[in-house]
Amino acid sequence: MRRSRLVAQPVIEARTRKRLAPSKISGPLVIFGRWIVPLYLRAALKFRGISLMRPETLVQAVNEFQAKRTRLILAFRHPYGDEPQLMFYVFENLLPRCARRLGQPLRHSVGMRPIHDYAVSLWGDAVIRFILPRVGALPIYHSKLDGESLHNIRSVMRDGKSPLGLAPEGQISYHAETLPRIEQGTIRMGFWCARDIEKANRPEHVMVLPLSVHYRYNIRDAKKLWQSMANMERLCGIKPQPGRPTEKTPETLIPRIDALESRLLDITEAFYQTTYGYRPADTTAEGADDADRRHDRWMALLPFAITVGEHILGIEPKNDDTVQRMYFVRQAAWDRIYPENPVEQLTPLEAALADRRAGEAWHAMRHMELVDLMSYHDAGYLNVAEPFGTSTFDRMVETVYTLEDLTCRLMGGNITNRPNTLRKRAVIVPGEPMDLTDMLPDYQKNARQTVQTLTDALAKRFTDCIEVYHNGQP
């Protein structure tokens, strides 16, 4: 029998929904985690070092929280996917050592309570479902209100012994050295807490501390990039060009990356044109370079792709924001694959129809996976001011990873297929904290405008962190 060309098998049966235990930090599991996570980071995730720039900023913020002078929200960037495990190590292993070295020891374990998308419990395995609630993780929906989840999150912000942690992007954003869109949820939640504290006549101030996360990849692993490129070129039908330079350097790889992205874009456009009647429009301004043209073509294609997913699921678009539409498609599809009612309780006919719904949902999610990835893609990401330096190599790795991820998603895969093969060092950069309590009067006068203003201010703090990272790399 012919082997499937897909990298993941299609879902053809509805499944009984997985449930998480109530979120509560398990002391024994955290103690075990402090011992095992350094080994896991090194062996499984290829980390070869973790640095904390300006540690005094983070130490002071945590000490203020533990002294009950503030309520603390840790807003950590989420560009790669490994951040939850990395944050556990930072707060349980690295930060206590930094605090002692600075002569400001912490009163007790930090125990950050991270927020995660509810779907992690669906696509994750039994180990993930066991660990998440026991390290205090809190699930949330992107596209619908869930009273229980919001109540739990609000309780942690108001009264929890540990700070809340969340990613302002809302999900993985795939780029560390530029700032993609960030959502208003961080600031909105912070103001919920500030209002609760005010109503209780408590003196704490609600603080949001931005944390920027960066990876520095080991250039000695560059050969793995050449291998990845060669494999993707084979999959896309790109034949070796006569006269191609034999030396394997960044200078020779960047043109190949551009050519590969152009080929992937051509193939993707042709698929939607042939299958669904997509008509590419010439939306590029005159004189635009190749990167701008690719960007415009991707941005024109993605709304059409998510429309196809919506049509399969019978969803009427509720707004013009492509990422928000993607969230609705994702939720509707998971709800079909894992219906609320246990599959075992369905009649044979109902189960057969549930299987059909699940199969259609899986195919709808293939369009969603494309939009999820490429909505954040920056076609000009390699156009940096300092070519072929360390920063360029890191950007090259991120770009090749994204193109390999794209190839896998077009072949049926998802985020779990994203490559993670090169050795790297992590650098965490705390930014300037934001005091939301001081801004509460403005919020009470004009909530919408104040939330947007402070979301923009949070974005500025992240771009400042990126600048600090480049100017003071350890």
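## Exercises on nonpolar and aromatic packing

F32 is partly exposed, with a relative accessible area of 45%. The model is predicted.

**Exercise 1.** Place F32 in the chain and find which residues form a nonpolar surface patch with F32.

*Solution.* 
- Start with the secondary structure. F32 sits in helix α1, residues 27–43.
- Check the patch criterion. Patch residues need over 30% relative accessible area.

**Exercise 2.** Find which residues touch the most other members of the largest nonpolar core.

*Solution.* 
- Take the core as a whole. The largest nonpolar core has 103 residues.
- L58, F91, L95 and L211 touch the most other members.
- Ask which helix gives the most. That is α12, residues 348–374, with eleven residues.
- Look at a second core. It is separate, has 28 residues and includes I182, I197, Y443 and V451.
- Zoom in on L211. Leaving out residues up to four places away in sequence, L211 touches L58, L74, A75, F76, R77, M87, F91, I428, V429, P430 and F462.
- In soluble globular proteins, nonpolar side chains tend to be buried together.

**Exercise 3.** Classify the pair Y80 and Y215: stacked or edge-to-face?

*Solution.* 
- Count the aromatic pairs. The structure holds 14.
- Read the geometry. The Y80 and Y215 rings are 3.6 Å centre to centre, with 5 degrees between the planes.
- Apply the cut-off. Planes under 30 degrees apart count as stacked, so this pair is stacked.
- Locate the residues. Y80 is in the loop between β2 (70–76) and α3 (83–101). Y215 is in strand β6, residues 205–217. The pair links distant parts of the chain, 135 residues apart.
- Check burial. Both Y80 and Y215 are buried.
- Widen the view. Y80 and Y215 belong to one aromatic cluster with F47, Y217 and Y401.

**Exercise 4.** Explain why the pair Y272 and F304 is edge-to-face.

*Solution.* 
- Read the geometry. The ring centres of Y272 and F304 are 6.2 Å apart, and the planes stand at 90 degrees, so the pair is edge-to-face.
- Locate the residues. Y272 lies in helix α9 (residues 250–276) and F304 in helix α10 (residues 290–313), so the pair ties together parts 32 residues apart in sequence.
- Check burial. Y272 counts as buried at 3% relative accessibility, whereas F304 counts as partly exposed at 23%.

Methods:
Residues numbered from 1 in each chain as written. Predicted model: local features only at pLDDT ≥ 70, side-chain atom pairs only at ≥ 80, totals over all residues. Heavy atoms only, no water. Patch = residues over 30% accessible without salt bridge, like charges linked within 9 Å, V, L, I, M, F, W, Y side chains within 5 Å. Areas by Shrake-Rupley, 256 points an atom, 1.4 Å probe, with all protein chains shown as cover. Salt bridge = Lys/Arg side-chain N within 4 Å of Asp/Glu carboxyl O. Helix = DSSP H or I, 4+ residues; strand = E, 2+ residues; numbered from the N terminus. Buried < 20%, exposed > 50% of the residue type's maximum accessible area, 1.4 Å probe, protein only. Core = buried A, V, L, I, M, F, W, Y, C linked by side-chain atoms within 4.5 Å. Contact = heavy atoms within 4.5 Å. Phe/Tyr/Trp six-rings, centres within 6.5 Å; stacked < 30°, edge-to-face > 60°.
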